[in-house]
Structures are given as structure tokens and as C-alpha cells.
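Let's take a walk through this structure together, one group of side chains at a time. Have the sequence and the 3D view at hand as you read.

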Amino acid sequence: IKYPTGWGVKWLRSLTNKDELVFLTFSPVPEDFFVGISISNIPFEKVVELESGENLVSTEKINIRTVGSVLRITRFNPHVDSDVSYIFKHGNYTYIMRSSSDFGRAMLATLNFIP
């Protein structure tokens with residue numbers, strides 16, 4: 001994943017949680033907002049159900065060239081315009097990218113899986 005110069009990356013979770021294997025955050029310094037991505041063993045359908053929870057505004061299937069079909073879920077957040085989750089599967093894992101800005105979609109478009 002490519003991210004802007006001057007941003008920090010944090011590894012927030014280790015491999016000890018059996019459902020969520022990795023959670024990374026990308027944020028500008030100083031932190032005004034963040035973009036987070038998690039890699040999980042939770043089935044895609046369950047992630048969609050969890051992410052659709054409260055304050056659902058819309059769901060939309062989009063295609064991102066580097067990852068294929070992605071479900072975009074938008075929720076209302078009173079602190080920012082909205083929260084967006086991008087959910088997709090690759091191999092045996094479900095990926096969830098959460099963002100409160102347009103940077104999430106831009107960063108998702110730079111994701112490449114190394115064979």
C-alpha cells in the first residue's frame with residue numbers, strides 16, 4: 001500500500017488474535033485522521049454484517065483494479081462527514097479498510113498482492 005510522505009504507520013495488533021490477524025493504521029503526522037486496514041479470518045458475510053451495523057447510509061459494490069470486487073459501506077458519523085469501510089476477500093482472508101476520508105479509496109487502489 002502506498003501512502004503519502006510524512007505519514008506514519010502503526011502495527012496495532014499482533015498475530016495473537018485468532019480472528020483479526022493484523023491491524024495497521026496509516027495517518028498523517030500530527031494525526032488528524034487515520035486510514036486502517038485489517039486482515040481477518042472472519043468470513044466475508046460476517047464482516048459485512050458487523051460493518052453495516054449502526055447508522056448505515058449505503059452499500060455499494062465497486063471494482064478496484066488491483067483487488068477486484070469491493071463492497072463499500074458508508075455510515076453516518078457525527079464527528080466527520082462519514083465513515084467508510086471497504087471490504088473484500090483475497091485468498092483465505094477478509095480485508096477491511098476503514099477511513100474517514102477519500103484517502104482510503106485512493107490508498108486501496110495502490111494495494112498490490114505479492115505472489
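F88 and Y95 are both buried, in what is a predicted model. The rings of these two residues form a stacked aromatic pair, 5.1 Å from centre to centre and with 5° between the planes. Y95 also pairs with F113, this time edge-to-face: the centres are 5.4 Å apart and the planes are at 75°. This second pair links distant parts of the chain, since Y95 sits in strand β7 and F113 in the segment after α2, 18 residues apart. Through these ring pairs, F88, Y95 and F113 are joined into a cluster. If you search the whole structure, you will find three aromatic pairs.

Is F113 buried or exposed, or does it fall in between? Its relative accessibility is 28%, so F113 counts as partly exposed. Y95, by contrast, has a relative accessibility of 8% and therefore counts as buried, as the cut-off for that class is under 20%.

In soluble globular proteins, nonpolar side chains tend to be buried together. Here the largest nonpolar core has 16 residues, and F88 is among those with the most contacts inside it, along with V70, Y86, M97 and L108. Which elements each supply at least two residues of this core? They are β3 (35-40), β4 (56-64), β6 (83-90), β7 (93-99) and α2 (103-108). The largest share, three residues, comes from β6.

Setting aside neighbours within four places in sequence, M97 is in contact with I1, V35, G36, I37, V84, S85, Y86, G104, M107 and L108. Two of these partners, Y86 and L108, were named above with M97 as having the most contacts inside the core. There is also a second, separate core of six residues, which includes V48, I73, I87 and I96.

A polar atom of the S52 side chain is 2.7 Å from the backbone oxygen of V48. Leaving out neighbours within four places in sequence, S52 is in contact with T59 and I73. Where does that leave S52, buried or exposed? With a relative accessible area of 18%, S52 is buried, because the class takes in values under 20%.

Definitions and conventions:
Residues numbered from 1 in each chain as written. Predicted model: local features only at pLDDT ≥ 70, side-chain atom pairs only at ≥ 80, totals over all residues. Heavy atoms only, no water. Buried < 20%, exposed > 50% of the residue type's maximum accessible area, 1.4 Å probe, protein only. Polar contact = N/O pair within 3.5 Å; in protein donor to acceptor, adjacent residues only side chain to side chain. Contact = heavy atoms within 4.5 Å. Core = buried A, V, L, I, M, F, W, Y, C linked by side-chain atoms within 4.5 Å. Helix = DSSP H or I, 4+ residues; strand = E, 2+ residues; numbered from the N terminus. Phe/Tyr/Trp six-rings, centres within 6.5 Å; stacked < 30°, edge-to-face > 60°.
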